[in-house]
Amino acid sequence: MTQKTRKSTERNNGGNCCSFCGTPADEVQLMFNGGDGACICSSCIEHGYELLVEHNIVDGGKKRGGNQSTKFKPLSKSDLLRPNQIKSFLDLYVIGQDAAKRYMSVAVYNHYKRLLAKGKTEDVELDKSNIVLVGPTGTGKTLMARTIARLLHVPFSIVDATALTQAGYVGEDVESILSRLLQAADYDVEAAERGIIFIDEIDKIARKGDNPSITRDVSGEGVQQALLKILEGTVVNVPPQGGRKHPDQKYIQVNTSNILFICGGAFDGIEKKIAMRLNTNAIGYGASNKQRINDENIMSYIQPQDLRSFGLIPELIGRLPVLTYMEPLEREALRSILTEPKNSIIRQYETLMALDDIALKFDDEVLDYIVDKALEFKLGARGLRSICEAIMMDVMFDMPEGENREFRVTLDYARSKVEKTA
């Protein structure tokens with residue numbers, strides 16, 4: 001500590017407070033006197049430094065001690081797994097969905113192989129393998145994308161398409177989706193430029209109709225148009241904190257050419273579009289004798305033209321070349337999700353209680369009951385978690401302070417908790 005700083009600190013110990021946060025001098029590590037009675041504490045200085053990092057005014061890649069962030073290392077050929085290896089990793093976390101896993105594994109492998117081969121294929125330019133996942137809520141679309149990112153050790157962010165609007169309207173600019181990826185990458189631009197962005201609810205920005213309207217479709221076709229260049233690959237000036245752009249704001253330039261975009265949506269009602277194309281009915285009544293397709297397997301016939309009929313513009317569909325579907329989860333799959341994956345729901349609760357030295361046990365009939373309720377509520381895998389929360393809430397509230405070090409969840413107990421919240 002310098003003599004000037006020491007004197008400032010001694011003066012402030014006489015009762016001065018920080019001019020920013022109001023904390024007394026005797027409650028902080030260090031107080032600096034700026035003259036005219038103005039003071040600033042070491043905590044406010046540290047907070048100000050973090051803001052400078054976030055706004056990219058100082059080098060955000062450097063932390064205390066000057067070390068560069070090593071969270072995301074550059075991808076090498078030895079790190080890139082083959083498609084069957086990627087699928088095997090997905091099998092550890094995602095139950096079922098074999099068709100979607102195969103499509104995802106090949107698309108991700110080709111995308112990152114394209115990155116590693118850059119500069120080695122001068123005669124042939126390899127296009128991006130952006131992906132669109134179609135399937136009901138709770139079938140594992142987000143989980144699959146997140147698991148892929150974890151496997152490859154690349155930055156990952158989730159964006160809700162319903163919050164996006166055209167520039168100049170209330171909502172988020174399309175470019176702001178890159179701000180979240182930057183934050184996930186600790187503002188390491190090089191790492192962010194090989195990351196993965198999952199755009200959820202992509203079906204909610206479908207064109208509202210084929211007829212031109214007086215009013216602007218600011219959250220539909222306009223957003224689709226704004227997404228085109230980002231999905232294909234361009235250099236974008238990104239506000240570090242997201243939100244709207246301002247003339248005086250400093251920007252971070254991000255090239256989206258190597259960012260993998262995975263879009264997911266329920267596309268509720270698209271079965272009817274598929275059925276019309278196949279000249280049959282989704283349910284089976286009145287179906288032609290040549291081709292009778294029921295509502296259980298009709299999603300396996302999905303084609304890009306069905307997305308166009310639903311309301312996505314052709315230009316956007318063309319930038320999402322890999323199209324696959326997620327199957328509705330049957331009873332057996334939901335039962336497996338509860339216990340089999342490495343991060344299964346039951347295992348998570350057992351681990352949470354074990355941290356308080358409490359042994360937790362679920363009876364088998366309780367698991368069957370949870371699955372039955374999830375099917376009744378039609379919420380897919382998400383329904384399993386909400387039902388478990390209803391069952392476990394009182395246990396997690398009372399047990400940490402109680403004397404009992406083990407708890408068994410019986411069917412009568414589970415039924416009483418679920419019916420109380422129903």
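A residue counts as buried under 20% relative accessible area, as exposed over 50%, and as partly exposed in between. In this predicted model, Asp91 has a relative accessible area of 31% and is therefore partly exposed.

The whole structure holds 14 salt bridges. One of them joins Lys101 to Asp91, with the closest N and O atoms 2.7 Å apart. Asp91 belongs to helix 3 and Lys101 to helix 4, so this pair ties together parts that are 10 residues apart in sequence. Lys101 is buried, because its relative accessibility is 2%. Both residues also belong to a network of salt bridges that links Lys87, Asp91, Asp98 and Lys101.

Helix 3 spans residues 83-93 and includes Ser88. Ser88 is partly exposed, at a relative accessible area of 44%.

Helix 15 covers residues 380-398 and contains both Glu389 and Arg385, which are 4 residues apart, about one turn of the helix. Their side chains form a salt bridge with an N to O distance of 3.5 Å. Glu389 is partly exposed at 24% relative accessibility, and Arg385 is partly exposed at 33%.

A salt bridge also connects the side chains of Asp394 and Lys417, at 2.6 Å from N to O. Asp394 lies in helix 15 and Lys417 in helix 16 (residues 411-421), so the pair ties together parts that are 23 residues apart in sequence. Asp394 has a relative accessible area of 27%, which means that it is partly exposed. Lys417, at 15%, counts as buried.

| Salt bridge | N to O distance |
|---|---|
| Lys101 and Asp91 | 2.7 Å |
| Glu389 and Arg385 | 3.5 Å |
| Asp394 and Lys417 | 2.6 Å |

**A buried asparagine**

Asn130 sits in the loop between helix 4 (98-116) and strand 3 (131-134). With a relative accessible area of 1%, Asn130 is buried. Its side chain reaches two backbone oxygens: that of Leu231 at 3.0 Å and that of Arg319 at 3.2 Å.

**Surface charge**

On the surface, Arg146, Arg150, Lys342 and Arg347 gather in a patch of positive charge. Arg150 is placed in helix 5, residues 141-152. The relative accessible area of Arg150 is 35%, so this residue is partly exposed.

Definitions and conventions: Residues are numbered from 1 along each chain as its sequence is written. This is a predicted model: local features need pLDDT of at least 70, side-chain atom pairs count only at pLDDT 80 or more; totals for chains, interfaces and linings use all residues. Side-chain values use heavy atoms; hydrogens and water are left out. Patches are made of residues with over 30% relative accessible area and no salt bridge: like charges are joined within 9 Å, nonpolar side chains (Val, Leu, Ile, Met, Phe, Trp, Tyr) within 5 Å. Accessible areas come from the Shrake-Rupley method with a 1.4 Å probe; for residues, only the protein chains shown count as cover. A salt bridge is a side-chain nitrogen of Lys or Arg within 4 Å of a carboxyl oxygen of Asp or Glu. Lys and Arg count as positive and Asp and Glu as negative; His and the chain ends are not counted. The place of a charge is taken as NZ of Lys, CZ of Arg, CG of Asp or CD of Glu. Helices (H or I, at least four residues) and strands (E, at least two) are DSSP runs, numbered from the N terminus. Buried means under 20% relative accessible area, exposed over 50%, partly exposed in between (1.4 Å probe, protein chains only). A polar contact is a pair of N or O atoms within 3.5 Å; within protein, one must be able to donate a hydrogen and the other to accept it, and residues adjacent in sequence count only if both atoms are side-chain atoms.
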